[in-house]
Amino acid sequence: MWPHEVIGMAGYNKNIFVGAGGAEGINKTHFLGAAYGMERMMGRSDTPVRRILNYASERFARHLPIVYILTLWGKTTTENW
């Protein structure tokens, strides 16, 4: 997970609901995020926009077989050992 200006933390159900919502979903979540304040959102896991997405996930997608996978990648050198 990484900081996101609108959601707080990127990933999880943001990718499903905002992505499936198209331009309208993107615009409305950006408006809500701007109204709440980016400074109060960045890097937080509990924000108004995230609460809406969590509600949508619980209310409308609970029965779907959605699996969330977090993938990390980076450069590894022997100096890190």
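## Burial and the model

A residue counts as buried when its relative accessible area is under 20%, as exposed when it is over 50%, and as partly exposed in between (1.4 Å probe, protein chains only). By that rule, the buried residues of helix 3 are Val-49, Arg-50, Leu-53, Ala-56 and Ser-57.

This is a predicted model: local features need pLDDT of at least 70, side-chain atom pairs count only at pLDDT 80 or more, and totals for chains, interfaces and linings use all residues. Residues are numbered from 1 along each chain as its sequence is written, and side-chain values use heavy atoms, with hydrogens and water left out.

## Helix 3

Helices (H or I, at least four residues) and strands (E, at least two) are DSSP runs, numbered from the N terminus. Helix 3 covers residues 48-60, 13 residues in total. From its first C-alpha to its last it reaches 18 Å, close to the 18 Å expected at 1.5 Å a residue. That expected span is 1.5 Å times one less than the number of residues.

Where do the buried residues of helix 3 sit around its axis? They fall within an arc of 120°, so they line one face of the helix. The arc is taken from the directions that run from the helix axis to the C-beta atoms. The face turned away from the buried side carries the exposed residues Arg-51 and Arg-59.

The buried residues of helix 3 pack against strand 2 (8-9), helix 1 (14-36) and helix 2 (38-41). Contact here means heavy atoms within 4.5 Å.

## Thr-29 in helix 1

Thr-29 lies in helix 1. Thr-29 is buried, with a relative accessible area of 14%. Leaving aside neighbours within four places in sequence, Thr-29 is in contact with Val-6, Val-18 and Val-49. Val-49 is also one of the buried residues of helix 3.

## Salt bridges

A salt bridge is a side-chain nitrogen of Lys or Arg within 4 Å of a carboxyl oxygen of Asp or Glu. The count comes to 3 salt bridges.

Lys-28 pairs with Glu-24, with the closest N and O atoms 2.9 Å apart. Both lie in helix 1, 4 residues apart, about one turn of the helix. Lys-28 and Glu-24 are both exposed.

Arg-51 bridges to Asp-46, the closest N and O atoms being 2.8 Å apart. Arg-51 is exposed, whereas Asp-46 is partly exposed at 47% relative accessible area. Arg-62 and Glu-58 meet at 3.0 Å, N to O. Arg-62 is exposed at 64%, and Glu-58 is partly exposed at 45%.
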